[in-house]
Amino acid sequence: MKLIEAKHYQDMSQKAARFIIEKVNRLPAPVLGLATGGTPLATYQCLREDHENNGTSYKHVYTVNLDEYVGVAPDDNNSYTYYMKKQLFDHIDIPPSHTHLPDGMAEDLEAECRRYESLIERLGGVDLQLLGLGLNGHIGFNEPGTPFSSETHTVELTDSTREANARYFDSLSSVPSQAVTMGISTIMRSKQILLLVSGAKKADILAKLLSEEPNEDTPASLLKMHQDVVIIADSDALSIVKERGITY
Ligand code: PGA
């Protein structure tokens, strides 16, 4: 794993955006794996600004998102489909037919999970997968204990994840209890992974993932088994790693 240190959230976001833009400019048909949540918000803002100011085009880009809530309609402002449109897709020139998220409204969720796996395969796999880091070490919605071999599947969200996401909803009880997520093995098949970590509240889990051997109780630690992972972390997120002199 390669660790890039950023000064603060904005610096992390600019570095991440530059990383993504380089792929978009270099590859003939890049497949970007995208993430939602608070962490990539300013990265998407940098991509929007770069598109506007420098004209970076996304006409040849394909995207697959990590996850979507079950039972939340795409036009609901809490869906990840809505988030992606508002934060990125509506502001760049990517053809809407090139953008993909799991369908959390599918009647047959198992069939939907299989469809999503085949879709990724048909696109030729993910060139660059963007990831945030859950407070409990989850990646996508792969909660602690998710098998290494898991592919796209439906998950029951843990209380800690529902509480962390309650800030976007009217109340904790309105946070969905299930989601469809790429599995660990789906994520591990990406050619390259970019993990973004920002803020003091992520310092503990970042230190844990860097210091532990890969294990399923800390899903992000499994990324150590991937040959091309880049972590961009800001100084608040790195505070415990530095304090304890953790090497990895
Ligand atoms: P966050 O979530 O970016 O909102 O901190 C990360 C995650 O839960 O994967």
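User: What makes up the shell around the ligand, by class?

Analyst: This is a predicted model, to start with. The shell has one nonpolar, six polar and two charged residues. Its members are Gly37, Gly38, Thr39, Gly132, Leu133, Gly134, His138, Arg167 and Lys202. Leu counts as nonpolar, Lys and Arg as charged, and Gly as polar.

User: What about Arg167 and Gly38?

Analyst: Check them against that 3.5 Å limit too. For Arg167, an N or O atom of the side chain is 3.0 Å from a ligand oxygen. With Gly38 a polar backbone atom takes part, at 2.8 Å from an oxygen of the ligand. As for cover, the ligand has 280 Å² of accessible area on its own, and the protein covers 83% of that.

User: Where does the ligand sit?

Analyst: In the largest pocket.

User: Which "active site" residues does UniProt list, and which of them line the largest pocket?

Analyst: The unreviewed UniProt entry places that feature at Asp67, Asn136, His138 and Glu143. Among these, Asp67, Asn136 and His138 belong to the lining of the largest pocket. His138 is also one of the residues surrounding the ligand, and its place is the loop between β6 (128-131) and β7 (153-156).

Methods:
Residues numbered from 1 in each chain as written. Predicted model: local features only at pLDDT ≥ 70, side-chain atom pairs only at ≥ 80, totals over all residues. Heavy atoms only, no water. Near = heavy atom within 4 Å. Polar contact = N/O pair within 3.5 Å; in protein donor to acceptor, adjacent residues only side chain to side chain. Areas by Shrake-Rupley, 256 points an atom, 1.4 Å probe, with all protein chains shown as cover. 1 Å grid on protein atoms, 1.4 Å probe; cavity = no way out; pocket = protein on both sides within 12 Å on 5 of 7 lines; lining within 4 Å. Sits in = over half its atoms within 2 Å of the grid points. UniProt positions renumbered as here; feature names shortened; annotations may be inferred. Helix = DSSP H or I, 4+ residues; strand = E, 2+ residues; numbered from the N terminus.
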